[in-house]
Amino acid sequence: MGCGRVGARLAGLLAADRHTVTVLDTDAYSFRRLPPDFSGTALVGNGLDEEALKRAGIEGADAFVAVTQGDNRNVMAAQIAKHIFSVPKVVCRIYDPLRRDLYSSLGLEAISPTTVFAEILKEKLEG
Amino acid sequence: MYIIVVGGGRVGYYLTKALLDEGHEVLVVEKNATICENINEEMGSVCIRGDGCEAATLAEVGTDRADMLIAVTGDDEDNLVACQVAKHKFNVPRTIARIRNPENETIFKKLGIDVTVSSTNVILEHIEEEVPTHPLTHLLEIRDKGLEVVEVKVPAESTTVGKPVKELRLPSGSVLCLIIRKARKPTVPAANTILQAEDQVIAVTPHESEEALRTALRGT
């Protein structure tokens with residue numbers, strides 16, 4: 001869910017590894033970011049909407065990733081995937097480190113690019 | 001009670017006013033600086049600028065001692081997160097979320113929000129009541145029991161007019177509570193009360209029997 005730079009790139013990599021991939025985004029224009037040889041499905045729809053998720057095939061999905069620009073959208077979609085559709089593997093992006101910590105403690109697998117990137121930068125600088 | 005309101009838009013504004021009038025201690029969290037200023041100017045310093053979904057902001061406003069948090073921004077996902085942060089990080093006993101997409105009601109409930117208010121549904125129901133030909137009007141929902149209080153109008157052409165209540169094939173679980181007639185005097189229906197044209201019947205029914213109740217009262 002979310003076909004931004006990260007979403008499009010991830011979808012391309014997974015499809016290249018021969019996984020069946022469906023990308024969901026509210027804006028069809030964002031699908032331009034997908035690689036030209038993308039073998040998966042691109043679907044226009046809101047990942048917070050149960051109907052759209054069903055159309056994307058969430059009921060048979062092995063994994064769900066939420067990487068839209070909105071932390072709260074990612075959190076909500078990930079929880080729908082996990083608690084309503086019981087998707088076995090759910091990962092989401094949460095920029096806000098505090099919010100990430102809270103949802104991690106609630107059992108949601110979440111990555112904060114803010115924390116990760118700050119640490120990488122720190123390592124680079126301190127050599 | 002100490003109540004935190006997340007979102008100072010139109011709903012938040014009037015809600016805060018009403019809660020203050022009732023004598024509660026209210027604090028509004030609003031992202032937009034102009035909205036914040038306006039509220040503070042008008043109601044005294046009750047609004048803080050910030051993101052009500054952020055734990056840091058909620059800590060600042062003393063959410064750990066709040067009795068209730070009400071999230072009324074225009075975005076369902078923001079309301080969900082504000083309520084969840086309040087509940088899980090600050091142990092706020094009661095969280096209420098406004099939702100715009102009525103389908104989110106079940107999702108929010110599953111995700112631990114105590115109460116949801118669907119502005120869309122509320123508007124729909126009110127309009128429904130004003131449509132004179134509408135056969136069944138929802139008056140009240142008794143949520144935890146899955147019951148509804150409804151009003152059914154019995155038009156003159158109904159096949160049930162002239163029949164006693166005991167001959168109506170009411171669905172199980174549905175109970176007729178009141179019949180209101182032209183004279184405005186409500187009566188409690190008995191088994192031998194005869195249905196008349198233009199009766200307004202107030203009944204309690206399980207959600208799923210709504211249609212069956214309507215058919216029982218109006219005939220086919």
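This is a predicted model: local features need pLDDT of at least 70, side-chain atom pairs count only at pLDDT 80 or more; totals for chains, interfaces and linings use all residues.
Let me start at the loop between α4 and β5 of chain B, where Asn91(B) is placed; helices here are DSSP runs of H or I with at least four residues and strands are runs of E with at least two, numbered from the N terminus. Although Asn91(B) is not a glycine, its phi is positive, about 55°. Most residues other than glycine have a negative phi. Asn91(B) counts as exposed because it has 10 C-beta neighbours inside 10 Å, the rule being that 12 or fewer other C-beta atoms within 10 Å make a residue exposed, 20 or more make it buried, and anything in between is partly exposed, with C-beta atoms placed from the backbone.

Residues are numbered from 1 along each chain as its sequence is written, and chains are lettered from A and ligands numbered from 1 in the order in which they are written.

Ser86(A) sits in the loop between α3 (71–84) and β4 (89–93) of chain A, and is exposed because 11 other C-beta atoms lie within 10 Å.

Back in chain B, consider strand β4 (residues 68–71), from which Met68(B) and Ile70(B) point one way and Leu69(B) and Ala71(B) the other, all of them buried. Strand β1 (residues 2–6) of chain B pairs with β4(B) in the parallel sense over 4 bridges, where pairing requires that DSSP finds at least two bridges between two strands. Within this arrangement, Ile4(B) stands opposite Leu69(B). β4(B) is also paired in the parallel sense, over 4 bridges, with strand β5 (residues 94–99) of chain B, and there Ala97(B) is the bridge partner of Ala71(B). From β4(B) the chain crosses through helix α4 (residues 76–90) to β5(B) in a right-handed β-α-β crossover, a term for a path that runs clockwise from the first strand over the helix to the second, with the strands pointing away from the viewer.

Finally, which chains meet, and how many residues does each give to the contact? Chain B gives 15 residues and chain A gives 16, two residues being in contact if their C-beta atoms, placed from the backbone, lie within 7 Å. On the side of chain B that touches chain A, the largest share, 7 residues, comes from α4(B).
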